[in-house]
Amino acid sequence: ILEKDEFLNATFPPGFHWGVATAAYQIEGAWNESGKGESIWDKFAHDSRLANRDTGDVACDSYHKYQEDVRMVKSLGVSHYRFSIAWSRLLPDGRSSSLNAAAVRYYNDLINELHANAITPMVTLYHWDLPQALQEIGGWENDTIIDYFNDYAKTCFEHFGDRVPLWITFNEAFVVSWLGYGIGVFAPGVSKPGDGVYRVAHNIIRSHVKAYRTYDKTYRSRYHGKVGITLDCDWKEPITTEAMDRYAAERALQFKLGWFANPIYGNGDYPAVMRSTLDRKSQQEGRTESRLPRFTEEEKRMNRGANDFFGLNHYTTQYVRHNRDDRRSHYEGDQDLYTKVDDCWPGSRSDWLKVNPWGLRRLLRWVRDRYGNPPIYVTENGISDDGSLDDQNRIDFYRAYTNEMLKAILRDGCNVKGYMAWSLMDNLEWTSGYTQKFGIYQVDFNSPNRTRTPKKSAAFFRRLATTNGYN
Ligand code: PNW
């Protein structure tokens, strides 16, 4: 099944956007400084739910060191920096009435510093750090979140929209739904794997669409920015050429990526295979209603086309085998399949992350074919290790994955506009704490200065970005 394909020694299209990415809770620190409210990740960490009882209380201290961060972005020679706004810093209790002037100043300073260095900001509104005050009323399970998110988005467009051309509403809607509210291993730690998970996803999609329509109606004519959502997906390869395994791999992609992408980038509704499978299983379970919520016709109309680009986070691949009639009545069982990885694929410091570069090319083609070749930004891609400065593994990873992306662009005609490496620097890797390092810059978490040092991969990435290829 492995594809034999030579390294493609060519350059990326002129004007291709290179960047690096971070997220607020993973780097900012200053968790309760200058009026910031508590987020669900502050709470989760303070409840000792992270490895080594780590927290993001200080993290990379980027709240105080943002100028140094911008210098690092600059010295990588990239044109874009993807970061996120902490909702609970801007609106401490989640509602727009609680606007925190110090936070407006902080994000203004960061954005202005980027522009002073000719770096374009790409801003994520929601990278998982919901204000705890909104979790107290149900968080993403409660329909009222749609209006709260819309108010928050408006506040951001209003204050920063004149200088932010690229907005991402959500980072990884799947992870929020499944890890946060399905199996509960991420904040807020809610376990509703059979039904809650689908309701959360439903509210995230409706929140995205509402915020997109708000930008469209009120801000687009003024600021001419673009708004998308970032979805994460691994590549799913059928383990044999048998039809049932190929259907299963397609089903896996529809359940993971199509779940969100089909409403927003496709026909406005959930993938047909999710609709039919969940309606049938729900009925077999004796339920009067499907576990998969329904969009109204009006909602489907609003969903369709609610995007200006497709944000894609990609790291790894799994093989998929058909599993007949899985009776576990939850999101995983609903798919009737098994996954496994290839023992030949190199590993990383994260157990879920195995290196398989050609998965990215196939995933890009899948998005091209299913959603009419939309403009795509790869908004995250990277690999974890122990954080040493000699990170040849990271160089090999970036070289191989970006080369598969290049093949997708030049040979397959995929409309890839840019690539953001995860991450600018080592940071708080969620429940793994400071044990898994994805940075191109090393951060010394034992030093109060959080000293940053470029790794070997920094020189490689700089060459990649500045020569727009492998020269
Ligand atoms: C993404 N998984 O998260 C996030 O967007 C980043 O904030 C994070 O640091 C990065 O990838 C590296 O993990 C994921 O368990 C976290 O499959 C976990 C998984 C996938 C993505």
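This is a predicted model. Start by selecting Arg-450, which is buried, with a relative accessible area of 13%. Arg-450 sits in the loop between β12 and β13 (452-454). Check its backbone too: phi is positive, about 50 degrees, although Arg-450 is not a glycine. Most residues other than glycine have a negative phi.

Now jump to Glu-172, in the loop between β4 (166-171) and α8. Here phi is near 55 degrees, again a positive value in a residue other than glycine. Is Glu-172 buried or exposed? Its relative accessibility is 7%, so Glu-172 counts as buried.

The unreviewed UniProt entry carries the annotation "active site" at Glu-380. You'll find Glu-380 in strand β10 (residues 376-380), and it is buried, with a relative accessible area of 4%.

Ser-423 belongs to the loop between β11 (416-422) and β12 (441-443). There is another cis bond to look at, from Ala-187 to Pro-188, with omega near 5 degrees. Pro-188 lies in the loop between α8 (173-181) and α9. Most peptide bonds are trans.

Follow the chain into helix α9 (residues 196-223) and pick out His-202. Its relative accessibility is 6%, so His-202 counts as buried. Which residues does His-202 touch, leaving aside its neighbours within four places in sequence? The answer is Tyr-270, Pro-293, Arg-294 and Phe-295.

Last stop: a sheet. Colour β6, β8 and β9, an open sheet of 3 strands in the order β6-β8-β9, with mixed pairing. Its edge strands are β6 (235-238) and β9 (337-340), each pairing on one side only. On average, neighbouring strands here are turned by 40 degrees against each other, direction ignored. Zoom in on β6 and β8 (residues 317-322), which pair in the parallel sense over 4 bridges; Trp-235 has Thr-317 in β8 as its bridge partner.

Helix α10 (residues 243-265) lies across β6, β8 and β9, running at about 125 degrees to β8. Helix α13 (residues 358-370) lies across β6 and β8, at about 95 degrees to β6.

How values were computed. Residues are numbered from 1 along each chain as its sequence is written. This is a predicted model: local features need pLDDT of at least 70, side-chain atom pairs count only at pLDDT 80 or more; totals for chains, interfaces and linings use all residues. Side-chain values use heavy atoms; hydrogens and water are left out. Helices (H or I, at least four residues) and strands (E, at least two) are DSSP runs, numbered from the N terminus. Buried means under 20% relative accessible area, exposed over 50%, partly exposed in between (1.4 Å probe, protein chains only). Contact means heavy atoms within 4.5 Å. Two strands pair if DSSP finds at least two bridges between them. Axes are lines fitted to C-alpha atoms, for helices over the stretch in contact, and angles run from 0 to 180 degrees between N-to-C directions. UniProt positions are given in the numbering used here, feature names are shortened, and annotations may be inferred rather than shown by experiment.
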